[in-house]
Amino acid sequence: VSQSRYVGRCIWSRKKIDEYNDEIERRFIGQDKLIRKLKKKRYSNSLETKFSRLLYGIDQVRSKHLVIIVEGIFDCLSVMRMISEYNLSSELSCVCTFGKKLSKGQIKLLLSKGVKSVLFMWDFDARPSMRKNQDLYGDSFKNCYVTFIEEKGDDGEYLDAGDSSPEIIFNSINNMKTFNSFLADLWIPVVARSCLSPSAHPRTV
């Protein structure tokens, strides 16, 4: 894919990018007969742009909005479509972070808009990053929420926002949790495993 130094400029249409993604996906069968899928990047970001200082969609943000934070531009466009179809533009807006992290510079952009409430709608594999930066996110906003799209595609993998219908995105928003509840859910399996481990229950003679 050609690279552009201009932020927000689309060189290919969404249809052409999807066709490219389908074409480069390959399936390999190893000696152990396990199927592995090789995935390449959907598109290449400009190497000259510092994306940690940018937020796609920031111009639409208002202080009273609950701001939905997603990873990529196509995720953002899908959420914006849902906002439009459900007539929620007075309550919601959406930005994308160009990755699975909200930087201090991006937080400053949101705070400069007077934003107090955010909803993270990143992919499931963003959970370690969210836990690592929990203090930064929790201290920056008065209200901090988390949700994940739990619908799966034909390949059995979870959908991202960019591949989801407005209805799926709307339902995910209705199922959002507070950031503290999200963190508690992450720790429950860890606590359960420690309780079940033999070392947690020493034998008595």
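Good morning. What we have is a predicted model, in which local features need pLDDT of at least 70 and side-chain atom pairs count only at pLDDT 80 or more, while totals for chains, interfaces and linings use all residues. Residues are numbered from 1 along each chain as its sequence is written, and side-chain values use heavy atoms, with hydrogens and water left out.

I begin with the sheet. It is open, has 5 strands in the order S4-S3-S5-S6-S7, and its pairing is mixed. Strands here are DSSP runs of E with at least two residues, helices are runs of H or I with at least four residues, and both are numbered from the N terminus. Two strands pair if DSSP finds at least two bridges between them. In general, strands of a sheet pair through backbone hydrogen bonds, either parallel or antiparallel. At the edges of our sheet are strand S4 (92-96) and strand S7 (177-178), each pairing on one side only.

Let us turn to strand S3, residues 66-70. With strand S5 (residues 117-120), S3 pairs in the parallel sense over 4 bridges. Leu66 stands opposite Ser117 in S5, and Ile69 stands opposite Phe120. S3 also runs parallel to S4, joined to that strand by 5 bridges; here Ile68 has Cys94 as its bridge partner.

How many residues of S3 are buried? The count is 5 of 5, where buried means under 20% relative accessible area, exposed over 50%, and partly exposed in between (1.4 Å probe, protein chains only). Leu66, Ile68 and Val70 point one way from the strand, whereas Val67 and Ile69 point the other way.

S3, H2 and S4 form a right-handed β-α-β unit. A crossover is right-handed if, with the strands pointing away from the viewer, the path from the first strand over the helix to the second runs clockwise.

Next, Val118 in strand S5. Val118 is buried, since its relative accessible area is 0%. Leaving out residues up to four places away in sequence, Val118 touches Leu66, Val67, Ile69, Phe141, Asn143, Cys144 and Tyr145; a contact means heavy atoms within 4.5 Å. Between Val118 and Lys142 there are 24 residues in sequence and 8.7 Å in space, C-alpha to C-alpha.

Is His65 buried or exposed? With a relative accessible area of 4%, His65 is buried. The His65 side chain reaches the backbone oxygen of Ser89 at 3.1 Å. This is a polar contact, a pair of N or O atoms within 3.5 Å; within protein, one must be able to donate a hydrogen and the other to accept it, and residues adjacent in sequence count only if both atoms are side-chain atoms. Beyond four places in sequence, the residues in contact with His65 include Gln60, Leu92 and Ser117.

Finally, the cysteines. The structure holds 0 disulfides, a disulfide being a pair of cysteine sulfur atoms within 2.5 Å. Cys76 is buried at 0% relative accessibility, and Cys144 is buried at 9%.
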